[in-house]
Amino acid sequence: MVLYSPHGRDQLTLLEREFERRRPDIDVRWLDMGSQEVLDRLRFERVNPQADVWFGGPTTIFDRGVHDSLLAPYRPAWAAAVGPAGVGPDDLYYPVYRTPAVIAYNNRLVRPEEAPGDWDDILARRWYDKVLIRDPMASGTMRAIWGLVLQRSIRETGDTAAGMAWLRRLDGQTKAYALNPAILDAKLARGEGLVTLWDLPDILISRGKGMPFGYVFPRSGTVVIDDAIGLVRGARHPAAARAFIDFVGSVDGQLIAARGVFRLPARADLPQDRVPAWVAAVEGQMKVTPVDWALLARQGAGWMSYWDSHVRGTGRNGR
């Protein structure tokens with residue numbers, strides 16, 4: 001049974017082992033890639049699907065998969081424990097995690113009181129040439145952050161021009177765009193840049209491995225992604241795929257991911273005495289900014305294409 005996922009080696013290895021321990025009759029294989037890369041690959045393989053489960057990514061990207069008929073209906077055993085936010089049409093996908101975006105920094109080189117406390121703080125002169133960004137074209141997390149910025153612009157001014165101007169200023173601050181999370185981690189740990197925008201679970205996993213990472217939740221609010229899972233249309237191993245989907249969203253599956261790889265559960269019914277303390281701490285610290293996910297699903301691809309063609313690499317032109 002094959003998974004395509006942006007969740008990274010640590011999480012995928014953990015869940016592979018736990019699932020195979022429960023189901024020794026099923027051999028799990030996975031490919032780790034960015035959210036947009038998963039979508040692109042599923043599109044390319046549509047006439048001859050190679051994957052069974054699409055595991056992870058914002059619902060906005062899953063909606064594009066729905067539009068392209070890449071998913072098959074499946075209502076998981078745990079469906080009643082989540083939603084309705086983040087649930088796809090006709091049972092085509094369901095949320096398994098909530099993934100907050102944070103401002104992260106190298107805490108060997110930046111003291112906590114010096115770290116940017118909000119999105120706009122990253123544009124300060126002191127962070128010039130010290131910002132690292134995961135390549136937004138391949139990353140669902142970054143697309144969600146870009147969407148947050150552009151929707152703020154629409155609310156305040158009526159269009160995206162101010163948001164694109166903000167992203168151009170951020171581009172001017174940016175030392176490098178990292179092709180994948182491993183490169184981002186390495187550059188931040190080496191001090192090639194001092195701050196980044198990324199998702200909380202990856203930062204906590206890396207910190208647990210000894211990397212010098214601190215983080216803050218932006219004061220004005222952050223984006224929290226409904227991170228989804230779905231059955232691939234035409235899957236070669238649909239029964240195994242359904243069993244894996246049921247496992248990931250089960251009470252045990254949610255707690256394993258929360259304890260082992262810092263995933264914030266989507267389920268609201270987990271026994272409180274079994275949920276790790278960090279979950280309650282995060283829920284108490286972060287301020288969530290509402291995002292129009294339907295608008296982002298409709299307009300996001302066009303916004304990203306414009307950013308890539310007209311904003312990326314232009315931020316230093318006026319300096």
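This text walks through a predicted model of one protein chain, from its overall build to single residues.

Start with the whole chain. Its secondary structure comes to 11 helices and 11 strands. The radius of gyration is 19 Å, close to the 20 Å that the globule rule gives for 319 residues, so the chain is as compact as a globular protein of that length. Along the principal axes, the C-alpha trace spans about 60 × 40 × 30 Å.

Next, look at how the chain is packed. Of its 319 residues, 57% count as buried. Take the contacts between residues at least 6 apart in sequence: 75% of them join residues at least 24 apart. The surface comes next. The chain exposes about 13,500 Å², and carbon and sulfur atoms supply 50% of that area. As for charge, there are 41 positive and 38 negative charges, and their mean positions are 4 Å apart.

Now turn to helix α1, residues 8-22. At 1.5 Å a residue, its 15 residues should span 21 Å. The end C-alpha atoms are 22 Å apart, which agrees. Which residues of α1 are buried? They are G8, Q11, L12, T13, L15, E16 and F19. Much of the spacing in that list can be read against a general rule. An α-helix has 3.6 residues a turn, so residues three or four places apart point the same way. What covers the buried residues of α1 includes both strands and helices. The strands are β1 (2-5), β2 (29-32), β3 (53-58) and β5 (94-106). The helices are α8 (238-248) and α9 (251-261).

Helix α5, residues 161-173, can be checked by the same rule of length. Its 13 residues should span 18 Å at 1.5 Å a residue. The end C-alpha atoms are 19 Å apart, which agrees. The buried residues here are G163, M164, W166, L167, L170, D171, G172 and Q173. They pack against the strands β6 (131-134), β7 (174-178) and β8 (195-199). They also pack against the helices α4 (140-157) and α11 (293-311).

S35 is found in helix α2, residues 35-44. Is S35 buried or exposed? Its relative accessible area is 6%, under the 20% cut-off, so S35 is buried. Leaving aside neighbours within four places in sequence, S35 is in contact with P6, G57, P58, I61, A138 and G140.

T59 lies in helix α3, residues 59-67. At 6% relative accessibility, T59 counts as buried. Beyond its neighbours within four places in sequence, T59 is in contact with G86, Y93, D226 and A228.

A79 is found in the loop between β4 (71-72) and β5. With 5% relative accessibility, A79 counts as buried. How far apart in space are A79 and D246? They are 9.1 Å apart, C-alpha to C-alpha, though 167 residues apart in sequence.

K209 sits in the loop between α7 (200-208) and β9 (213-216). Its relative accessibility is 54%, over the 50% cut-off, so K209 counts as exposed. K209 and W198 are 11 residues apart in sequence. In space, K209 and W198 are 17 Å apart, C-alpha to C-alpha.

Terms used. Residues numbered from 1 in each chain as written. Predicted model: local features only at pLDDT ≥ 70, side-chain atom pairs only at ≥ 80, totals over all residues. Heavy atoms only, no water. Helix = DSSP H or I, 4+ residues; strand = E, 2+ residues; numbered from the N terminus. Expected span 1.5 Å × (residues − 1). Buried < 20%, exposed > 50% of the residue type's maximum accessible area, 1.4 Å probe, protein only. Contact = heavy atoms within 4.5 Å. Rg over C-alpha atoms; globule rule 2.2 N^0.38 Å. Areas by Shrake-Rupley, 256 points an atom, 1.4 Å probe, with all protein chains shown as cover. Lys, Arg positive; Asp, Glu negative; His and termini not counted. Charge placed at Lys NZ, Arg CZ, Asp CG, Glu CD.
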